[in-house]
Amino acid sequence: MAFRDGPFEKLKLPVAWTAAAAVIVALIAAVMLLLGDRREAMAAENYAPTRQAFDTAAAPVGGVLSLPGRWLRGAGSYVGGYFNAVSENRRLKAEIVELEQWRDQARALSNLNARYEALLGVQPEPPVPTVGARVVSDARGPFANARLINAGANKAVRVGNPVVSQDGLVGRVVGTTPIASRVLLVTDVASRIPVMIERTNARALLAGDASNNPRLDFVRGEDVIQEGDRVVTSGDGGGFPRGVPVGVAAKGLDGAWRVKLFSDRNPVDVVKVLLFQDFAQLVSEGELNEAPLAGLNTAPSPSPELAAAVTDAANRRLAQEQAAARQREEAILRARIQEQTRIEAAAQAAAEARARQQATAPAQPGAGTSPAPTQPAAQP
Amino acid sequence: MRRGRGSRSFSPLEWIVLPALAALGVTILLAVPLRFWGAHLPEPVAPLVLAFAWPLIRPSVLAPVALLGLGVFLDLFWGGTLGLWPLSLLIVYGLVLFGRSLLAGQDTRMLFFWFAGAVLIAFFVAYWTLRLDLGAGPHFWPVVWQIIPTLVLFPAADWLIRRFDDADVGFR
């Protein structure tokens with residue numbers, strides 16, 4: 001039986017009312033979606049299967065659509081490189097000369113740093129493996145700053161991994177699918193990253209507000225920032241490795257400290273995902289609680305003279321410890337003997353007192369009987 | 001000044017499904033990571049055109065459902081808070097539906113002012129929804145830079161209204 005043949009045959013509702021009812025139902029659905037979303041939590045379990053399925057479908061589409069742009073950019077770069085080859089060659093040669101000095105200094109400092117780490121037994125941070133990826137889709141609005149990249153769980157990308165460009169920090173992975181990952185940019189309203197001012201080590205929180213220059217909140221200390229100070233990740237909390245370049249500090253028009261991002265220098269079409277994990281996730285709890293013994297594995301073998309000196313020092317220290325132990329034992333023994341002597345003297349004095357008391361007892365009749373109590377016992 | 005009336009008839013495929021697909025296409029195309037002379041492509045909220053035009057064409061049960069779907073698409077595609085754009089689009093649709101007897105048949109200049117008001121309401125709702133959800137709202141200028149390209153899409157809304165407005169005089 002068709003609907004119109006039933007008891008509702010005569011029922012006619014105004015279309016505007018039915019449309020309004022549909023709007024209300026749809027609004028309720030939208031509010032439910034809003035309440036059920038946990039984007040700010042940024043945990044793997046909060047990245048819903050719906051989002052995963054959507055990203056899985058959107059990534060290939062975005063990859064295809066971004067192809068012409070990539071070709072155009074490649075062609076432009078090729079033509080530009082052809083015409084600017086001479087000037088660029090000169091510039092690169094000058095840069096090489098300058099960088100060679102920095103390279104030598106970096107090697108020397110790296111060597112010295114390794115020695116210090118070995119001497120102090122500091123456990124250095126393990127090298128972070130990386131995965132390259134292309135950006136296939138880009139959201140730049142005020143309410144969402146995110147990018148879709150074509151590397152996912154199949155390439156060991158995990159939620160929380162930092163993402164960098166050739167210039168600096170871009171964001172972090174907030175969702176993964178087997179073939180794609182969603183990257184939340186540092187400019188997104190939901191992004192909060194612990195950073196530090198490289199010059200003063202002052203800590204701050206980099207808070208995105210959808211503008212190109214995110215804000216520095218909770219800056220610790222006074223006068224710790226100057227215009228042009230480099231801002232790097234602090235590594236606090238374990239979410240990011242320490243020292244990833246972010247940008248330079250600048251005073252905003254609103255009076256707040258902001259950061260000009262290094263990643264804005266060039267188009268972010270190719271990125272690198274740092275497969276970094278929190279240090280606590282890398283090692284077992286037992287290993288984490290052990291004494292730092294990395295220096296034993298990394299220190300160079302000692303020379304015979306140094307080995308003899310170390311052995312001599314160890315023997316001396318052992319002899320001193322043994323002598324100290326002997327002295328402690330002798331002191332304890334002496335204390336015990338003195339205590340025994342004191343106890344024996346006290347016992348002897350008590351015996352003599354009893355003997356004197358017995359010797360004087362017959363001279364006092366009735367002394368052996370207890371006197372009658374003159375007061376009744378106190379009642380509790 | 002009101003326009004003349006006609007008696008053509010259109011199916012939902014023409015005035016709901018195809019425009020919705022066009023809005024999806026515009027959104028996807030403009031999300032391509034391209035920069036020209038250092039500037040990104042604009043990122044308008046294309047479905048706002050439909051949220052404004054559809055209730056003026058005629059009341060419909062299908063249109064709110066389509067807007068809900070379009071809003072969810074925007075949230076998933078842009079990676080934003082789920083439910084943000086469905087709420088904004090549906091509030092605009094509801095308000096325009098409520099005032100359609102006043103708005104329907106107005107000339108293009110007046111419609112643009114109403115469209116600008118609808119866009120501002122949508123962004124106001126989106127701003128405060130995000131602020132309540134995350135505890136922080138976006139900066140002023142990025143919001144303006146998304147409002148402007150959305151306003152630029154007004155000719156599409158006007159064209160849609162002109163094309164389908166007089167389709168069924170029963171809704172005038």
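These questions and answers go through a predicted model with a chain A and a chain B.

Author: In this predicted model, local features need pLDDT of at least 70, side-chain atom pairs count only at pLDDT 80 or more, and totals for chains, interfaces and linings use all residues. Residues are numbered from 1 along each chain as its sequence is written, and chains are lettered from A and ligands numbered from 1 in the order in which they are written.

Reader: What makes H1(B) and H2(B) roughly antiparallel to each other?

Author: Their axes cross at roughly 165°. Angles run from 0 to 180 degrees between N-to-C directions, with axes fitted to C-alpha atoms over the stretch in contact. Under 35 degrees counts as roughly parallel, over 145 as roughly antiparallel, 65 to 115 as roughly perpendicular and the rest as oblique. H1(B) and H2(B) are therefore roughly antiparallel. The axes come within 10 Å.

Reader: Which residues meet where H1(B) touches H2(B)?

Author: B:Trp15, B:Pro19, B:Ala20 and B:Ala23 in H1(B) meet B:Pro47, B:Val49, B:Leu50 and B:Ile57 in H2(B). Contact here means C-beta atoms, placed from the backbone, within 7 Å.

Reader: How do you know what class these residues belong to?

Author: Ala, Val, Leu, Ile, Met, Phe, Trp, Tyr, Cys and Pro count as nonpolar, Asp, Glu, Lys and Arg as charged, and the others, Gly among them, as polar. The contact of H1(B) with H2(B) has eight nonpolar, no polar and no charged residues.

Reader: How many residues does each chain bring to the contact between chain A and chain B?

Author: Chain B gives 45 residues and chain A gives 44. H3(B) gives the most to the chain B side, with eight residues. By class, that side has 30 nonpolar, 12 polar and three charged residues.

Reader: How do you know that S2 and S5 of chain A pair?

Author: Two strands pair if DSSP finds at least two bridges between them. Four bridges join S2(A), residues 145-149, to S5(A), residues 181-185. The two strands therefore pair, and they run antiparallel. A:Ile149 stands opposite A:Ser181 in S5(A).

Reader: What is the strand order in the closed barrel of chain A?

Author: The six strands run S1-S2-S5-S4-S3-S12, with antiparallel pairing. The twist averages 40° from one strand to the next.

Reader: Which helix lies across S1, S2, S4 and S5 of chain A?

Author: H2(A), residues 49-83, lies across them. H2(A) runs at about 90° to S1(A).

Reader: How many helices and strands does chain A have?

Author: Chain A has seven helices and 12 strands. Helices (H or I, at least four residues) and strands (E, at least two) are DSSP runs, numbered from the N terminus.

Conventions
Contact = placed C-beta atoms within 7 Å.
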